[in-house]
Amino acid sequence: MADSDVSVKSDDSQQPLSGIRILEIGGLEVEYTGLSLAGLGADVIKVEPPGGERTRTIGPFANDEQDADKSLHFWAYNRGKQSIVMDPESAEDRETIQVLARSVDIVLTTTAGNGLHSYGIDGEQLRAANDRLIVARMSAFGDDGPWADFVGSDLVHLALGGPVMNCGYDPLPNGRYDQPPIAPQSWHAYTIAGEQLIIGVLAAVSHQEATGRGQLVRCSIHDSVSLNTEVDLMSWVMRRVPFYRQTARHSAEKVSPMTTISNTKDGRWIMTMAIGDKDQAKLEAFLIKHGSLDETAMASLAPEESIQSIGRFVPGSLPMDGRSVVLQEATARLIRKHSYDNVPWREAQEAGLLWAPVRRPEENADDEHWLARGTFAEVEHPEIGQSLKYPARRWRSTEPAWQPGRRAPLLDEDRRAVVESITDRAPARASERDVSSAPGTTTPTAGVLDGVRVLDFSWFLASAGGTRYISALGAECIKVEWRANPDTRLTAMAPVGGREARRVATGPLPGVNDPEMGGNFNHKNAGKIGLSLNVRHPDGLDIARRLVKVSDVVAEGFSAGVLDKWGLGYDVLREIKPDIIYAQQSGMGASGGPYAKYRAVGPIAAALVGHTEMSGLGDGAMPAGWGYSYLDWIGAYSFAQAIMSAIVHRQRTGRGQWIDASQCETGISHLGVPTLDWQVNGRAYQRTGNRSPYVPSAPHGIYPCRGEDRWIAISTYDDPQWEVLVKTIGAHKLGADPKFATLADRIANQDALDAALATYTREFDEYQLMAALQAERVPAGVCQTAQDRVDDDPQLEHQGWLTEVTGAKIGTWPVGEIPFRMSETPAKIGGATRKGAPGYGEDNEYVLGEILGFSAKQIAEFAENDVI
């Protein structure tokens with residue numbers, strides 16, 4: 001089957017979660033999870049308190065009318081759901097909730113606000129009454145521990161979790177920062193946690209389908225966000241290296257001299273990257289062609305010696321060398337000669353270069369590629385006489401997956417229908433279904449996916465990070481590499497001197513140059529099995545096909561068409577194994593539109609979909625963007641979800657499928673609010689720095705504390721919180737200033753407020769100030785570095801956010817654990833053995849000998865003939 005032939009069947013009754021009922025009781029913390037599960041076919045019933053869930057008060061609003069049924073935020077996160085109002089003070093309503101909860105398959109709730117607890121209902125009691133029930137619960141900081149009672153906000157979670165200290169603007173030439181770090185904007189803390197909870201829920205559904213039993217799935221926002229950063233974490237773990245934020249590019253241990261975004265003549269921006277010698281050669285030819293580079297001037301700048309023949313660096317993780325700077329300067333000159341609309345970025349992509357426009361989020365809704373892929377769906381809003389485009393699909397597939405659903409419900413719109421349709425419903429048990437075709441899931445096991453095998457061609461983070469989760473859920477993942485095209489092994493290297501040197505270190509340590517000892521590779525591939533295989537050799541192709549026959553999933557993260565060229569396209573795979581699941585992850589999607597052959601890594605994807613543009617100061621400032629490959633992690637979560645949903649679908653139907661996933665589409669799915677604001681109100685997104693764009697709050701920002709580059713995030717939403725802040729920091733003058741008397745006054749005078757507040761906060765230790773404010777229920781959080789999270793965060797330590805794994809050569813080191821906890825089928829990074837990432841070809845004998853039955857002599861011949 002050719003790439004362009006991916007199509008979706010019309011029978012939505014066979015979506016992965018068709019027929020599954022979910023009771024959603026909670027707001028901001030779980031709405032994105034509920035939205036995604038509804039998109040996969042579940043019937044989601046949203047329980048709201050009288051007056052509606054508080055997310056109905058979050059702007060922007062349709063026509064700027066503040067009304068519970070006109071919040072564009074609520075529209076974006078509650079499409080496809082039903083609404084029923086239940087009063088926690090009413091005994092009758094509490095009983096109705098009990099009945100509803102006993103008759104559904106999943107209860108999705110939170111420990112904050114309008115959660116299950118607000119109705120006096122205990123999740124464990126519900127599970128005792130319905131042993132099939134899955135209770136999925138999101139908390140801010142965890143169920144227990146020293147910070148369990150802290151209050152959060154999007155800003156506070158992003159600060160404490162680490163993204164904030166990776167994101168912002170370049171320092172001054174002397175290395176000091178004159179601007180605070182910049183929090184990315186778009187409710188990212190809640191979507192980061194929601195993406196990971198979705199994986200846990202889908203895993204629990206798989207177990208439920210196979211055994212008829214439910215379980216408790218717990219996830220904390222703090223844990224999830226803290227695990228979401230990229231190279232900074234493992235660089236501190238391995239080599240004790242601090243990182244520095246840079247404008248619109250990866251934070252790094254050294255600040256590079258040039259940014260990777262360039263200004264057009266009309267004030268817009270273009271993202272460009274060159275990864276390695278091959279990219280630089282292509283870029284040089286492209287710039288010479290366009291008259292922006294003197295060919296003779298490059299002769300004296302030969303590429304510096306590289307060790308990338310034995311492994312790659314994470315894109316964006318290395319500082320620019322002299323040659324890179326010259327090329328980037330020439331690139332900037334070329335882009336400055338163009339207006340935004342005529343920059344030749346598509347021509348650059350056709351030449352194999354990583355270029356993308358830095359778009360505003362709403363600009364994707366009319367893009368021909370996303371329209372061709374069906375990324376957006378038209379949803380009718382009869383109450384306003386208009387249909388609106390929503391981001392409604394995050395991957396394409398040959399089996400039904402995504403449904404757009406109706407528009408978000410009006411308040412209490414579905415009370416009668418919900419009560420009548422669900423009160424007497426008894427969930428079907430697994431014994432009533434034929435699950436015999438579901439390998440590894442027909443009996444209860446320690447891991448949901450025990451017995452499932454994945455032939456894993458994934459690499460980089462967006463795909464390899466996805467199969468990391470599948471491995472943690474119990475699957476056997478055979479990671480395939482070939483030395484001519486190795487994975488990103490050369491980042492966050494183990495230190496010279498090993499673990500003992502790291503234990504006694506007081507400063508940054510030098511790293512080894514051994515690709516078997518990359519800390520970042522170990523982090524994202526722990527628990528996998530290593531196979532070296534030259535698929536372009538006839539014998540290598542034969543081995544790959546034999547492995548397909550004994551596998552359940554084939555996963556890959558190459559550019560479009562690579563497996564087809566090898567002779568392993570979907571048509572071939574399903575001839576070998578009719579129910580095979582083929583999961584493909586690329587930057588922009590491998591089919592359905594003109595960008596199918598275009599290249600993307602995390603920063604390029606973030607620029608194209610709108611995330612880069614959304615973060616930074618306003619009033620003509622350049623975007624600050626993301627300081628790491630945010631969409632690599634987000635793409636990884638989505639990739640794991642796609643695989644898990646296909647496994648559930650196969651359990652229910654016996655059918656495999658082809659999944660065409662893209663990290664860009666997952667990023668687009670986070671941007672429903674600005675996309676709606678543009679359509680409804682004609683308002684383009686405008687950056688607001690660290691200020692709250694949609695919820696009235698002031699102060700709401702990041703303020704200096706005592707010491708160099710130490711900061712605290714504070715968000716106050718009402719006068720009592722403001723009064724506590726004033727009292728805590730001794731800012732009595734501010735408390736008496738009429739400019740700051742009310743919330744409205746403070747919002748109107750935020751420049752003066754922020755400047756004045758900073759003069760007080762810089763006298764405080766950041767942790768002491770956070771503790772004092774949190775004790776009074778004021779959302780506040782230290783802007784934590786990787787060092788802070790690893791060495792000083794008692795809540796993360798309590799939750800066991802890092803776990804030790806052992807690699808054959810790298811030894812024993814901590815890596816990030818899975819942030820969701822499953823009561824019956826625990827997920828464990830590294831599996832039961834806590835195995836680290838495999839060395840290159842480490843498990844050849846096991847795979848070829850024990851799995852495929854080749855003799856030792858045959859395996860030796862494969863090695864001699866360059867097959868393995």
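Let's start with helix 7 and helix 23. How do they lie relative to each other? Helix 7 and helix 23, residues 630-653, pack at an angle of about 20°. Angles under 35 degrees count as roughly parallel, so helix 7 and helix 23 are roughly parallel to each other. Their axes are 9 Å apart. The crossing of this pair is left-handed. Look at the residues in the contact between helix 7 and helix 23: 14 are nonpolar, seven are polar and three are charged.

One thing to keep in mind throughout: this is a predicted model. The protein chain has a mean pLDDT of 93. In 94% of its residues the value reaches 70 or more. Two stretches need care. Over residues 305-309, pLDDT stays under 50. The model gives that stretch ten contacts beyond four places in sequence. Residues 428-445 are also below 50. That stretch has 40 contacts in the model beyond near neighbours in sequence.

Back to helix 7, which spans residues 188-211. Helix 1, residues 31-39, packs against it too. Here the axes come within 8 Å and cross at roughly 45°. Helix 1 and helix 7 are therefore oblique to each other. Which hand does this crossing have? It is right-handed. Helix 1 brings Y32, T33, S36 and L37 to the contact. Helix 7 answers with T191, G194, E195, L197, I198 and V201. By class, that contact has five nonpolar, four polar and one charged residues.

Strand 10 and strand 11, residues 269-273, are joined by three bridges. To find your place, pick I261: M271 in strand 11 stands opposite.

In what order do the strands run? The order is 15-21-20-19-16-17-18. This sheet is open as well, and its pairing is mixed. Strand 15, residues 395-397, is one edge, and strand 18, residues 529-532, is the other. The twist averages 20° from one strand to the next. Take strand 16, residues 453-457, and strand 17, residues 476-481. They pair in the parallel sense, over four bridges. Within that pair, L455 has I478 of strand 17 as its bridge partner.

Helices pack here too. Helix 15, residues 464-472, lies across strand 16, strand 17 and strand 19. Its direction is at about 150° to strand 17. Helix 18, residues 538-549, packs on the sheet and touches strand 16, strand 17, strand 18 and strand 19. Helix 18 makes about 145° with the direction of strand 16.

How many residues lie between strand 25 and strand 26? Three residues separate them. Strand 25 covers residues 802-807, and strand 26 covers residues 811-816. They pair in the antiparallel sense over six bridges. E804 has P814 in strand 26 as its bridge partner.

Last stop: the backbone in the loops. Two cis peptide bonds to show you. One joins G59 and P60, with omega about 0°. P60 lies in the loop between strand 2 and helix 2. Another runs from A698 to P699, with omega near 0°. P699 is in the loop between helix 25 and strand 22.

R240 has phi near 60°. Where is R240? It is found in the loop between helix 9, residues 231-239, and strand 8, residues 244-247. A248 has a phi of about 55°, again positive and again not in a glycine. A248 lies in the loop between strand 8 and strand 9.

How values were computed:
Residues are numbered from 1 along each chain as its sequence is written. This is a predicted model: local features need pLDDT of at least 70, side-chain atom pairs count only at pLDDT 80 or more; totals for chains, interfaces and linings use all residues. Side-chain values use heavy atoms; hydrogens and water are left out. pLDDT is the predictor's confidence in each residue, from 0 to 100. Contact means heavy atoms within 4.5 Å. Axes are lines fitted to C-alpha atoms, for helices over the stretch in contact, and angles run from 0 to 180 degrees between N-to-C directions. Helices (H or I, at least four residues) and strands (E, at least two) are DSSP runs, numbered from the N terminus. Angles under 35 degrees count as roughly parallel, over 145 as roughly antiparallel, 65 to 115 as roughly perpendicular and the rest as oblique. A crossing is left-handed if the near helix is turned anticlockwise from the far one by less than a right angle, and right-handed if clockwise. Ala, Val, Leu, Ile, Met, Phe, Trp, Tyr, Cys and Pro count as nonpolar, Asp, Glu, Lys and Arg as charged, and the others, Gly among them, as polar. Two strands pair if DSSP finds at least two bridges between them.
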